[in-house]
Amino acid sequence: NRMPPIGILSLASWLDKHGHQTAVHDCLGPFAPPTIEENAERILKTEPEMVGFSTTTSAFMDAVEMAAYIKERRPDIKIVFGNVHVSSIGRPLLEHFPEIDYLCIGEGEGAMLDLADRKPEGEISNLIYRLGTRIVTNPRRQRILNLDELPFPAYEKLEGYPDAYHLPLFAYVKKHGATMITSRGCPYTCSFCDRTVFERLYKVNSAQYIYDHMQHLRDNFGVYHINFYDDLFTAQPKRVFELCDLLIAKPLGMNFNCAIRTGHTTDEMLHRMKLAGALMVSMG
């Protein structure tokens, strides 16, 4: 599977919406070069003032090496790290990695926009930064409550999209596929799951927003299959039925798959999903 980096694509579109210019480089993308140095050079060619790395635990050290390379050549560039690894660990990362200027914990839209707007560091919620020899952890900011206010991810900035982003496990071989995420968080508190990014608040896009997003991908990128990569797509049954009604009443000619949960789905829901274009569900 090669999935688009939805997080940084969403941040890019958010910053663009507020008047900033952004570029996206997927270091695991279909045309990414093989070495740390070559990927860092791709980033430097965009002449950035600030570089944000979205890092999982397994990708973190690669990102640190890229940040060090960038800092060596352009010490003036501010380096921000975010995503789950940063949100889970927090301030100790600044103690151990001088290449990093800022940590963005939790949702990134607010903190990244404040940084791009050059607000004083002490006023930026969700930010961890250095103040002299001290490391300061600012308070968490309120989560985004209406996800429909967010623009669609900036797919157009992603080299090779959508053709080169294959989804062999979650796809329909006859049609181009794309990944969408239509919610943030999860209503459950499973002990094995990390909760530090979205905490315990579950928010979703509306059925109409999802329908419009699907139409955007079809009309602008030739996408005809959607992999809904939500942790639990059917957590709000009312939303699922509303989306299915829209797709049945005004068909887009698209198929989709999603993740469901045992005991959380009825025969009626599965029937409506099939009529709406569902090809497969993954059950946990």
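Predicted model: local features only at pLDDT ≥ 70, side-chain atom pairs only at ≥ 80, totals over all residues.
Side-chain values use heavy atoms, with hydrogens and water left out.

Two packed helices are described by the angle between their axes and the distance between the axes. Helices (H or I, at least four residues) and strands (E, at least two) are DSSP runs numbered from the N terminus. Axes are lines fitted to C-alpha atoms, for helices over the stretch in contact, with angles from 0 to 180 degrees between N-to-C directions.

Helix α2 (residues 36-44) packs on helix α3 (residues 60-73) at an angle of about 55°, and their axes lie 9 Å apart. The two helices are therefore oblique to each other (angles under 35 degrees count as roughly parallel, over 145 as roughly antiparallel, 65 to 115 as roughly perpendicular and the rest as oblique). The crossing of α2 and α3 is right-handed; a crossing is left-handed if the near helix is turned anticlockwise from the far one by less than a right angle, and right-handed if clockwise. In contact (heavy atoms within 4.5 Å) are Ile36, Glu37, Asn39, Ala40, Glu41, Ile43 and Leu44 of α2 with Asp62, Glu65, Met66, Tyr69, Ile70 and Arg73 of α3. By class, the residues of this contact are seven nonpolar, one polar and five charged. Here Ala, Val, Leu, Ile, Met, Phe, Trp, Tyr, Cys and Pro count as nonpolar, Asp, Glu, Lys and Arg as charged, and the others, Gly among them, as polar.

The crossing of α8 with α9 is left-handed. On the α8 side, the contact residues include Pro237, Val240 and Phe241, and on the α9 side they include Glu268, Met269 and Arg272. The contact of α8 with α9 comprises ten nonpolar, no polar and three charged residues.

On a 1 Å grid over the protein atoms alone, a cavity is a set of points where a 1.4 Å probe fits but cannot get out, and a pocket is an open set with protein on both sides within 12 Å along at least five of seven lines; lining residues have an atom within 4 Å of a point. Grid points are joined across faces, edges and corners, and a volume is the space filled by probe spheres set on the points. The structure holds one cavity of 30 Å³ or more. The largest cavity contains about 40 Å³ of space, and its lining includes Glu107, Arg140, Arg141 and Glu199. This lining has one nonpolar, three polar and five charged residues.

The second largest pocket has a volume of about 250 Å³. Among its 13 lining residues, Cys186, Cys190, Phe192, Asp231 and Arg261 are the closest to its centre.

Finally, a cis peptide bond with omega of about 0° joins tyrosine 161 and proline 162, the latter in the loop between β5 (134-137) and β6 (177-180). Asparagine 83, although not a glycine, has a positive phi of about 90°.

Technical notes: Residues numbered from 1 in each chain as written.
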